[in-house]
Amino acid sequence: MLSELAGTRLYTVWEVLTEAGHLLDDTGKINLMRWTAAGRLTVLTSDTAELCQMADFMAHYANADLADVALVFAADREHIYNILTIDRKDFDRYRSPAGKRIRRLWLKD
């Protein structure tokens, strides 16, 4: 999948890296860290000034987890609404705080 995205700028947030770390085995975690350190993935920082808004978003979208919410808010800040995720259930229902529809990308969909 990632080879098909060669040359595409990819962004994430720390919360997503943390969640990925829970899903990957040790080798996968190390590879993800090295891949990110090599500049293949830009890691954005969540804005603590948005925590109340993020909590409201989580209240509006039942069962929204912090990684998803942080990514949606980063999408609004960066004006990037194409999200590469395997999370079909959640990202198909989210709208950004600015009301933008999140376009969920998955190459094998």
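Buried means under 20% relative accessible area, exposed means over 50%, and partly exposed lies in between (1.4 Å probe, protein chains only). D90 is buried by this cut-off, at a relative accessible area of 5%.

The model is predicted: local features need pLDDT of at least 70, side-chain atom pairs count only at pLDDT 80 or more, and totals for chains, interfaces and linings use all residues. Residues are numbered from 1 along each chain as its sequence is written, and side-chain values use heavy atoms, with hydrogens and water left out.

Start with the charged pairs. Side chains of opposite charge can pair when their charged atoms come close. A salt bridge here is a side-chain nitrogen of Lys or Arg within 4 Å of a carboxyl oxygen of Asp or Glu. The whole structure holds four of them.

D90 takes part in one, with R93 as its partner, at 3.2 Å from N to O. R93 is partly exposed, with a relative accessible area of 31%.

Another joins K29 to D26, at 3.8 Å from N to O. Both residues sit in helix α2 (residues 26–40), three residues apart, so about one helical turn separates them. Helices (H or I, at least four residues) and strands (E, at least two) are DSSP runs, numbered from the N terminus. D26 is exposed at 55% relative accessible area. K29 is partly exposed at 32%.

R77 and E50 also form a salt bridge, at 2.5 Å from N to O. R77 belongs to helix α4 (residues 66–78), while E50 lies in the loop between β2 (42–44) and α3 (51–60), so the bridge ties together parts 27 residues apart in sequence. E50 is buried, with a relative accessible area of 14%. R77 is partly exposed, at 28%.

Now turn to helix packing. Two packed helices are described by the angle between their axes and the distance between the axes. The axes of α3 and α4 come within 10 Å and cross at roughly 120°. Axes are lines fitted to C-alpha atoms, for helices over the stretch in contact, and angles run from 0 to 180 degrees between N-to-C directions. Angles under 35 degrees count as roughly parallel, over 145 as roughly antiparallel, 65 to 115 as roughly perpendicular, and the rest as oblique. α3 and α4 are therefore oblique to each other.

Which residues make the contact? On α3 they are Q53, M54, F57 and M58; on α4 they are L66, V69, A70, V72 and F73. Contact means heavy atoms within 4.5 Å.
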